[in-house]
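Trainee: I have a new model open and would like to learn how to read it. Can we go through it feature by feature?

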Amino acid sequence: MSEQDNDKGIVLTEAQKRARRSRSIAIAVSLIVLVVLFYMMTLVKGPMILVRPL
Amino acid sequence: MSLISEAEFNGTLAEPSMASVGDYIALMKPRVMSLVVFTALVGLAVAPGAIHPVTAFTALLCIAVGAGASGALNMWYDADIDALMTRTARRPVPMGRVKPGEALAFGMTLSVFAVAVLGLLVNLLAAALLAFTIFFYVAIYTMWLKRSTPQNIVIGGAAGAFPPMIGWAAVTGSLSFEPILLFLIIFFWTPPHFWALALYKTADYARAGVPMLPVVAGDAHTRLQILLYTFVLAPIGIAPWPLGYAGPLYGVVASITGAIMVMLAVQVFRERRPVERACRHLFAFSILYLFLLFAVLMIDRGWGGLIARLTA
C-alpha cells in the first residue's frame, strides 16, 4: 500500500455511509426527546424538581 | 467479560460499523420490552395516589429503556451461545452486524441514562429498583445462573417480575404487599412458561450447553415441575380478588384462565412424546394468561384511578 493510500484513511462504502447516517439521526432524535422530557418535567414539577423524597 | 472473542464475529475493531438502527432496536428485545412496559403500566395504574401523566410517561419510558439495556447486555454476553441456537442465531451480535463491544457500550449507556433519569425526574426508590433489576438480569441471571444451574429461569425470573413494583414505586415512592403480589404472579408464571418452550427446544439448549431443566433432569421431570408450578400459580393469580385488591370481574377471569392453565399443564404432564403440541399450547396460552390477568386488573382496579388522575 502506498503512502498516498494511507493518507486517505478508512473510506466508507455507500452502505456504511447510509448506516452511519441512520445511526446519527437516531442519536439526534434521542437527544431531542431527552431535552424535551427534562423541559416538560421541569414545567410539571416547578421548584419541586429539586425535591426527590424516597 | 464476554466469553466470546471479538475477532470471532467481526474482524478488526477498526472496521467501520454496518449496524443499522433496526439492529440496535433488535438488541433491546422489543417483544420482551413491550411485556415489561405493560406490567409496569399496570403497577403504575393500580397504585394509590396521584402521578402527573408526564411523570407517568417518563417512568414508563425509563423502565422501557432499562429493559432494553438489559436485553442489549444479555445479547453482548450470550453471543456465543446465541450463535448455536436456531431461535437466537439471527440476533445482531452473532450475525456480526453489531460488534460485541458496541452492544456492551450501548447497553451500559442506556442503563446509566434510564436509572439516572428515573432517579432525577421520578423518585429514587423507583430508580434503585430499576438499577437492581438490570443488575439482577445481567449479572445474576445472564452471567451466573443461566450457564450454571437448571433453576436458572426460576431465580432469574425475578428480574422479569420487578417492573410492576417499579411502576408502583414510581407513584407512591414506597412498596406494599400488593405490588409484591403482582411480583409473585409473574415469578411463578415464568417457570411453566419457559419450561414449556424449553421442552420443544431441548436440542437447541443442549447444543449450546445451557443447563435448562429438560436438558439436565429430563423430559418427565420437567413436565412434573411445570404442573407443580402451575398448581401454585393458579391460586396466586386469583389471590388479588379474595384479598380485596380486585373485584369479581378479576376473580372470574383469573379463575377461568387459571383453570385453563392447569388443564394445559396436566396435558403437558400426561403427554409423553418429546416434542409436542401440548407444550406449544401451554407456552402460547401462558402469554395470553398473564396479559389477561394484568389487563383485567387494570380495568377492574386501576382504570378508574388512572382516568381520575389524568383528568384531575
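Trainee: About how much area do chain A and chain B bury between them?

Mentor: First, the ground rules. This is a predicted model, where local features need pLDDT of at least 70, side-chain atom pairs count only at pLDDT 80 or more, and totals for chains, interfaces and linings use all residues. Residues are numbered from 1 along each chain as its sequence is written, chains are lettered from A and ligands numbered from 1 in the order in which they are written, and side-chain values use heavy atoms, with hydrogens and water left out. Now the idea: buried area is the accessible area (1.4 Å probe) that two parts lose on being put together, summed over both. Here chain A and chain B bury about 1900 Å² between them, and 74% of that lies on carbon and sulfur atoms.

Trainee: Which classes of residue does chain A place against chain B?

Mentor: Sort by class. Ala, Val, Leu, Ile, Met, Phe, Trp, Tyr, Cys and Pro count as nonpolar; Asp, Glu, Lys and Arg count as charged; the others, Gly among them, count as polar. The side of chain A that touches chain B has 15 nonpolar, two polar and three charged residues.

Trainee: How many residues of each chain are in contact?

Mentor: Contact means heavy atoms within 4.5 Å. By that rule, 20 residues of chain A meet 24 residues of chain B.

Trainee: How many salt bridges cross the interface?

Mentor: Side chains of opposite charge can pair when their charged atoms come close. The rule asks for a side-chain nitrogen of Lys or Arg within 4 Å of a carboxyl oxygen of Asp or Glu. Across the interface of chain A and chain B it finds zero. Over all chains the count is nine.

Trainee: Which residue pairs with Arg91(B)?

Mentor: Asp82(B) does, at 3.2 Å from N to O. Both Arg91(B) and Asp82(B) are buried. There is also a network of salt bridges, linking Asp78(B), Asp80(B), Lys146(B) and Arg147(B).

Trainee: How many residues of helix 4 of chain B are buried?

Mentor: The helix is mostly covered: 21 of its 25 residues are buried. The expected span is 1.5 Å times one less than the number of residues. Helix 4 (residues 53–77) reaches 36 Å from its first C-alpha to its last, close to the 36 Å expected. Helix 7 (residues 100–121) has 22 residues and reaches 31 Å, close to the 32 Å expected.

Technical notes: Helices (H or I, at least four residues) and strands (E, at least two) are DSSP runs, numbered from the N terminus. Buried means under 20% relative accessible area, exposed over 50%, partly exposed in between (1.4 Å probe, protein chains only).
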